[in-house]
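Visitor: I would like to learn how to read a helical model with some care, one feature at a time. Could you take me through this one?

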Amino acid sequence: MLDFLLWNKIARIIAQLAYTLHISTDHALQIFYDSDVCRMLHDKELGLHLMSDTYIVNDLIEELGGKQ
């Protein structure tokens, strides 16, 4: 059950990232799965999965800013 909830959360994060950055969902998916945020989201001990979708998207955008 928890995996299903995480998959739904990831789908919402990718959709919001695509909308926010005005990019395709395929590109947003690639960005997400190549990020440290993705790795942290899958680590239950860090608790990132408990944060709001917007908080996680903002973290992801912040991470992207540091890679440029």
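This is a predicted model: local features need pLDDT of at least 70, side-chain atom pairs count only at pLDDT 80 or more; totals for chains, interfaces and linings use all residues.

Visitor: How is the packing of helices H1 and H2 to be described?

Guide: Two packed helices are described by the angle between their axes together with the distance between those axes. Here the axes of H1 (residues 2-21) and H2 (residues 25-33) come within 8 Å and cross at roughly 120°, and the crossing is right-handed. On the H1 side the contact is made by Ile10, Ile13, Ile14, Leu17 and Ala18, while H2 contributes Thr25, Ala28, Leu29, Ile31, Phe32 and Tyr33. Sorted by class, this contact of H1 with H2 holds ten nonpolar residues, one polar residue and no charged ones.

Visitor: What does the span of H1 look like beside the expected value?

Guide: With its 20 residues, H1 reaches 28 Å from its first C-alpha to its last, which is close to the 28 Å expected at 1.5 Å a residue.

Visitor: Which residues of H1 are buried?

Guide: The buried residues of H1 are Leu6, Lys9, Ile10, Ile13, Ile14, Leu17 and Ala18.

Visitor: Why does lysine 9 count as buried?

Guide: Lysine 9 counts as buried because its relative accessibility is 9%, and the cut-off for that class is under 20%. Setting aside neighbours within four places in sequence, lysine 9 is in contact with His49, Met51, Ser52, Asp53 and Ile56.

Visitor: Is histidine 22 buried or exposed?

Guide: Histidine 22 counts as exposed, because its relative accessibility is 72%, and exposed residues are those over 50%. As for its distance from another part of the chain, histidine 22 and serine 52 are 30 residues apart in sequence and 20 Å apart in space, C-alpha to C-alpha.

Visitor: Which residues does histidine 42 touch, leaving out those up to four places away in sequence?

Guide: With that exclusion, histidine 42 touches Leu6, Ile10 and Tyr33; it is found in helix H3 (residues 36-42). The C-alpha atoms of histidine 42 and leucine 6 are separated by 8.3 Å, although these residues are 36 apart along the chain. Histidine 42 counts as partly exposed, because its relative accessibility is 40%.

Visitor: Where is glutamine 30 placed?

Guide: Glutamine 30 is in helix H2, and it counts as partly exposed because its relative accessibility is 49%.

Definitions and conventions. Residues are numbered from 1 along each chain as its sequence is written. Side-chain values use heavy atoms; hydrogens and water are left out. Axes are lines fitted to C-alpha atoms, for helices over the stretch in contact, and angles run from 0 to 180 degrees between N-to-C directions. Helices (H or I, at least four residues) and strands (E, at least two) are DSSP runs, numbered from the N terminus. A crossing is left-handed if the near helix is turned anticlockwise from the far one by less than a right angle, and right-handed if clockwise. Contact means heavy atoms within 4.5 Å. Ala, Val, Leu, Ile, Met, Phe, Trp, Tyr, Cys and Pro count as nonpolar, Asp, Glu, Lys and Arg as charged, and the others, Gly among them, as polar. The expected span of a helix is 1.5 Å times one less than its number of residues. Buried means under 20% relative accessible area, exposed over 50%, partly exposed in between (1.4 Å probe, protein chains only).
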